[in-house]
Amino acid sequence: MRLTPQRACTSLTVVRERAAVTPMSVRPILKFGEPVLHTPAETVGTFDDRLAGLFVDMVDTMYAAPGIGLAAPQIGVPLRAIVVDLSVGEDPAQLIQLVNPELVERDGSQRHDEGCLSVPGFEGAPPRPERVVVKGRSIGGDERTYTATGLLARAFCHEIDHLDGLLFVDRLSPLRRDLLKRRLRKRFRHED
Ligand code: NI
């Protein structure tokens with residue numbers, strides 16, 4: 001999930017400072033139209049060093065973008081793994097790394113503009129629940145449960161959607177979705 005412009009400025013500074021001291025494993029972020037972004041991802045069954053390495057890459061890529069969330073399919077890995085950090089690296093306590101996340105409760109509704117690192121330059125306001133409970137596993141395989149409201153709830157929904165092959169565009173009303181998809185196909189075809 002992409003940042004709002006105001007927050008992007010401060011976060012970029014943080015990322016540059018981090019880059020000087022932290023070895024980065026930033027991977028290219030795939031864009032709208034890549035099949036892996038439009039296909040449901042597979043459940044993770046093995047909690048090994050390779051999975052841990054995937055999370056290092058996801059976190060570094062999210063911070064470098066900068067973004068507040070990233071799903072494994074966005075770097076071309078078709079597995080159910082997400083990272084979310086509303087502080088974009090400013091507060092280590094806010095980093096959430098989840099394997100096989102599932103929405104187990106949803107209440108209320110909210111609607112705010114969302115951007116996506118895989119759909120740069122476009123925004124849309126899909127309907128989201130105001131509060132969610134998300135269950136998943138840590139990188140080591142331990143059970144984790146998060147209760148989230150507001151922006152964090154939206155971020156969880158946005159990233160879990162990626163694991164089901166859905167982008168925010170797919171959640172818009174049919175009219176807005178078709179309009180936006182026409183523009184997106186034109187835009188991202190030109191970059192091939
Ligand atoms: Ni996204």
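1. **Ground rules.** This is a predicted model, in which local features need pLDDT of at least 70 and side-chain atom pairs count only at pLDDT 80 or more, while totals for chains, interfaces and linings use all residues. Residues are numbered from 1 along each chain as its sequence is written.

2. **Overall layout.** The chain has 4 helices and 7 strands; these are DSSP runs numbered from the N terminus, with helices being H or I of at least four residues and strands E of at least two. Reading from the N terminus, the order is α-α-β-β-β-β-β-β-β-α-α. Of the contacts with a separation of 6 or more, 67% link residues 24 or more positions apart; a contact here is a pair of residues whose C-beta atoms, placed from the backbone, lie within 7 Å.

3. **The sheet.** An open sheet is built from 5 strands in the order β1-β2-β3-β6-β7, with antiparallel pairing. The edges are β1 (69-71) and β7 (143-149), each with a single partner strand, so one side of each has no neighbour in the sheet. On average, neighbouring strands are turned by 35° against each other, direction ignored. Axes are lines fitted to C-alpha atoms, for helices over the stretch in contact, and angles run from 0 to 180 degrees between N-to-C directions.

4. **How the strands pair.** Strands count as paired if DSSP finds at least two bridges between them. Strand β2 (residues 81-84) is joined to β3 (residues 96-107) by 4 bridges, and valine 83 has glutamine 97 in β3 as its bridge partner. Next, β3 pairs with β6 (residues 131-137) over 6 bridges; arginine 106 is partnered by valine 132 in β6. Finally, 7 bridges join β6 to β7, where valine 133 stands opposite threonine 147.

5. **A helix on the sheet.** Helix α2 (residues 49-64) packs on the sheet and touches β1, β2 and β3, its direction making about 40° with that of β2.

6. Buried residues make up 36% of the 192 residues in the chain. Buried means 20 or more other C-beta atoms within 10 Å of a residue's own, exposed means 12 or fewer, and partly exposed is in between, with C-beta atoms placed from the backbone. Leaving aside residues up to four places away in sequence, phenylalanine 156 touches Val84, Val132, Val134 and Ala148.

7. **Backbone details to look at.** Most residues other than glycine have a negative phi, and most peptide bonds are trans. Alanine 65 and proline 66 are joined by a cis peptide bond, with omega about -10°; proline 66 sits in the loop between α2 and β1. Valine 88 is not a glycine, but has a positive phi of about 50°. Valine 88 lies in the loop between β2 and β3 and counts as buried because it has 24 C-beta neighbours inside 10 Å. Asparagine 100 also has a positive phi of about 50°, but its place is in strand β3. With 18 C-beta neighbours inside 10 Å, asparagine 100 counts as partly exposed.

Methods. Contact = placed C-beta atoms within 7 Å.
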